[in-house]
Amino acid sequence: MIPAPFDYYRPSDLDGVIALLQEHGDEARVLAGGHSLIPMMKLRMADVPHLIDLQGIDSLRAINVTGTRVTIGAMVTQHDLIDSAELSSAAPILRETALQIADPQVRYMGTVGGNVANGDPGNDMPGLMQCLDAQLHLIGPDGERSIAARDYYEAAYMTAREDDEVLTAISFDAQPGGYAYEKQKRKIGDYATAAAAVTIQKSGGSVAAASIAMTNLSDTPVWSEAAGAALVGTACDAGAIKAAVAAMLGDIDPTEDNRGPVAFKRHVAGVILTRAITRAWDRA
Amino acid sequence: MKDLNEEQQERAAGLKGLGCSRKRVEDARFTQGKGNYVDDIKMPGMLHGDFVRSPYAHARVKSINTDAAMALDGVVAVLTAKDLEPLSLHWMPTLAGDKQMVLADGKVLFQGQEVAFVVARDRFIAADAVELVEVEYEELPVIVNPFEALQSDVVLREDLAGQTEGAHGPRKHHNHIFTWEVGEKDATEQVLGDAEVVAEETVYYHRTHPCPLETCGAVASMDKVNGKLTVWGTFQAPHVVRTVASLLSGIEEHNIRVVSPDIGGGFGNKVGVYPGYVCAIVASIVTGVPVKWIEDRMENLMSTAFARDYWMTGKISATKEGKITGLHCHVTADHGAFDACADPTKFPAGFMNICTGSYDIPTAYLAVDGVYTNKAPGGVSYRCSFRVTEAAYFIERMIEVLAIELNMDAAELRRINFIKKEQFPYQSALGWEYDSGDYHTAWDKALKAVDYEGLRKEQADRVEAFKRGETRKLMGVGLSFFTEIVGAGPVKNCDILGMGMFDSCEIRIHPTGSAIARLGTISQGQGHATTFAQILASEIGISADSITIEEGDTDTAPYGLGTYGSRSTPVAGAATALAGRKIRAKAQMIAAYLLEVHDNDLEWDVDRFVVKGAPERFKTMKEIAYAAYNQAIPGVEPGLEAVSYYDPPNMTYPFGAYVCVMDIDVDTGVQEIRKFYALDDCGTRINPMIIEGQVHGGLTEALAVALGQEIAYDDMGNVKTGTFMDFFLPTAWEVPNYITDHTVTPSPHHPIGAKGVGESPHVGGVPCFSNAVNDAFRAFGLRHTHMPHDHWRIWQTANRLGLHD
Amino acid sequence: MSNKMHIKMTVNGKAEEFLAEPRELLIYTLRERLNVTGPHIGCETSHCGACTVTLNGKSVKACTLFVAQADGAELTTIEGLGTPDSLHVLQEAFREHHGLQCGYCTPGMITRASKLLEENPTPTEEEVRFGMAGNMCRCTGYQNIVKSILAAAAEMNAAKEAAQ
């Protein structure tokens, strides 16, 4: 497994990145941790004549928590997420999710930005960011723009990012309340058979707000507005959870693969979501 | 160590011989990154080979254009079948009496088949050149199902068209390879017809792969000046490789040196001869420089040495009380595109006829039909003796199904049918003579250790709680009792390509009393350098720490058939002990001379010969060794060396009793192993630490196979499990701690009573894990569900039983 | 053919400088260019961890890194953990507790374990299993690997205590 030759660049600022992207168009790709892109290149399924490594841009590594606003640089690794006391206290669901991604070595390299940006439906962070209603910050030749994670994903590996844009950071408002990231997988290092990200705000014994997103159950992550809505105003009892699951099942569209047939995945999606809601409610 | 006094015991302990948990001498280099595996070999001017492989499972090769590849700077050669044909090397014989394409000759028969071999200055250029070879294919209909293959008009092996006789008798259809029958057909059918109770089931043992962490590879170096060919490679049988290389290439055998360096696990994957080896050798002969070929992981999983793929249909009969009266088994064996099974020649289905298991079954019949399909060739023994895992899985599933039919406890059913201790040596209905066993003792010990009755009670309570809606988890109690047949084997009926399956050991004692011993086997992690020295230490009274063990270099080691099928200890271990005894016999003569007594006046005492009745008069082995080199002893040749070629009189029959306790979430199909108890009886125990390590490893490979590991194909013959994302290898996180235990029933015919153990845990483990899954659903009407028991298949079982309603 | 890059790195304390194609995978740089053959190639898709090395203080899989990414980096492999006269505690513990068989995964396993014990000097068995889940072994079933790492941790902690 040997990739085709390419030219390598390690710019030290974002202007340099943009310039390279403009120069080489769709022949160029940016490299973060590389644990999605490099295997694709080794299998010669991705042809990348110009590879732009983002590791030289220190500004992309920042983690910033100001009040409830959390901003995470695109080059922050899964390991950094797990290791950050600040994040663990502001938004513990990040740590809970990151711990369920891949293995220790991969988490040392794998970045939040890479996980979010490339549109692989198997990645865990996209669903999480949709659940958190995160904003994705992009920079391109025309300057910066932000887009909601919920609007970013179009199809497998197809996103709202233009070829000459780079994801620089992700930000969201950390909500107090209950949370859970529940994932079923075959083994360490596997993508989800089904995974659910859930946050719940509780007020006076009932659900004040809820957000639910699912991973690897469609060709994009699925934020199920209806599933969250089904919980709001309820005491998160069995009936409400059932309604949320039913709503979620209306939004996902899994396909058969080695993890199992569609009927199994839909069933497990329901079980996993039920468990995630229950855990989030317990923590709310 | 019986009858030794304290002083003798102390001397014996100093030898680090049989029975002690000696630390491994191999570990120093491995823990410091100083192992020497084939891909570590680097030679001046060495070229790299890489394959163009077929993306199709069945296609005609219309043309191959190598011009663009040849034009790439750094490419030295691109070999196709046309280049190999003048050397008659475009096809090669398989171990199973068939032949196999080295490079695609007119058509391809499985996805990943070798089409062209690119040789280049480095592996990067080789990989680039592979992309530049243009192959034009015409797709043909694909058959991945052996039952369909036997019905289909599509001829897979056009080279065999019209041949109604194969290497193992008549062929019934153009996609049929052989029928192998053992036992009494009519008598068995009669017993089944007359029986009070008959249980029937079809048990599929899915296709999987041994998948050692190191893939296969070789470095071939043709020295045109000396006319010598040296091949380093991942060979579990280096001496056989040398013989095959000589027969194929025409180079005289003394001019070929085959070396197995350190091997990163074998598990059966490295028994066969692969096109990569042949191409590397040819390329080195053509170019006159060394050529390296190392397969990548996808190539390994797609093209080299699958295991299993047996469809086994069984009928087992019994009295109402549960005494088994007969067993009938038919196997449809999917061998893929070529019959490249690695079995002794006369056993096209290996030792599948051990399928009567540990039970006294008076009448039995087995028939195996081998079939061609558009899948990779192989059929190797993945961590087991030849097809013994299939046999053990079959009988241990049939016992469970029979227990259901009889409404009996499966542990009790086993107990009343075990071969009794006093029946050994036991002649089985399918032709084997079991050497020794004490099954009842082992079984009772195992059931007591796990509190079997308590487990059954807990399980019954769980079922009730489940029915009341208090839990969604079921509990399975998996049982298995297995008997292996290892140590192939007696030359009278076991050979590989005509080479009898003996093994060998050659010992040289050095003047100062240390030694080197060389064997015909080759370690792939089993720790031979440690354990064979222990055998020898106890035989010749020289500390294991003063004995070097060497294997794997055909220029220096005596001829042997290699390491697979747990044959090293039963065969080469026996040769070692016997060679040691030859050393001792000569040493006795030397000692007698030195002590001026008659040979018969001496007795062996741990590490020395002592004059009977005069214990103060003795010569240690160290003193004797020195004398062998510095004194002229009348009638005795100088030096102290011995060689032994051991032809075992019989196989050995290790056995064991395993219990697995598993919890199963019926909603997600997730299983969790709560407890696993493994009792192994491998006869005399050479190194308990190493035995325990072998058991842990074999059980983990069993867990993988039972719970998810498979080589799966889609209808187009595409491999769906080509990387470790989908091919299940568990990590430390998915694996439990195992409880190990043992009994000791020595083999009566082995010089030290040892039987072999490395594969037992796999053979016994697979049915144990599978039985646990099946058992969890027994209360809800399940008879049998196929492996692998991954999440979705377990969920599907629960779903079909209505447990999600 | 792409242009070769001028690469500098420190491997086991030794400064290295060479020209390489950027696509050269770090594992080949180590094994073939620098003759550091301790780390092995097992799966090539970042699952098995046989190629594990420490790069700038992080456990990484050298099969899924280009040499260009490691330009300027500081690397430690199994060869840099101990010397024949002064083995790393883990090297000794793996031998003592039979934490290896064929030895192919061992360099990556021990290199990763050394980092794990830096991250968490007093791991539980569960933490060891989770922290080692990026390294596959086909021979041992992990039981003795886990045992070896726990024993090494205990020994390192005892030595630390004794030093205080």
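Helices (H or I, at least four residues) and strands (E, at least two) are DSSP runs, numbered from the N terminus. Welcome to this predicted model, where local features need pLDDT of at least 70, side-chain atom pairs count only at pLDDT 80 or more, and totals for chains, interfaces and linings use all residues. Residues are numbered from 1 along each chain as its sequence is written, while chains are lettered from A and ligands numbered from 1 in the order in which they are written.

**First stop.** Select residues 32-141 of chain B, a span that is 17% helix and 36% strand, with its end C-alpha atoms 52 Å apart. An unreviewed UniProt entry lists these residues as "domain: Aldehyde oxidase/xanthine dehydrogenase a/b hammerhead"; such annotations may be inferred rather than shown by experiment.

**Second stop.** Now show both chains: 26 residues from chain B and 18 residues from chain A are in contact (C-beta atoms, placed from the backbone, within 7 Å). On the side of chain B that touches chain A, α5 (123-132) and α20 (791-800) each supply at least two residues. The most comes from α5(B), with five residues. By class, this side of chain B has ten nonpolar, seven polar and nine charged residues (Ala, Val, Leu, Ile, Met, Phe, Trp, Tyr, Cys and Pro count as nonpolar, Asp, Glu, Lys and Arg as charged, and the others, Gly among them, as polar).

**Last stop.** Select α16 (568-595) and α17 (621-630) of chain B, whose axes come within 9 Å and cross at roughly 85°. The two helices α16(B) and α17(B) are therefore roughly perpendicular (65 to 115 degrees). Look for A587(B), I590(B), A591(B) and L594(B) of α16(B) against M621(B), I624(B), A627(B) and A628(B) of α17(B): eight nonpolar residues, no polar and no charged.

Technical notes
Axes are lines fitted to C-alpha atoms, for helices over the stretch in contact, and angles run from 0 to 180 degrees between N-to-C directions. Angles under 35 degrees count as roughly parallel, over 145 as roughly antiparallel, 65 to 115 as roughly perpendicular and the rest as oblique. Two residues are in contact if their C-beta atoms, placed from the backbone, lie within 7 Å.
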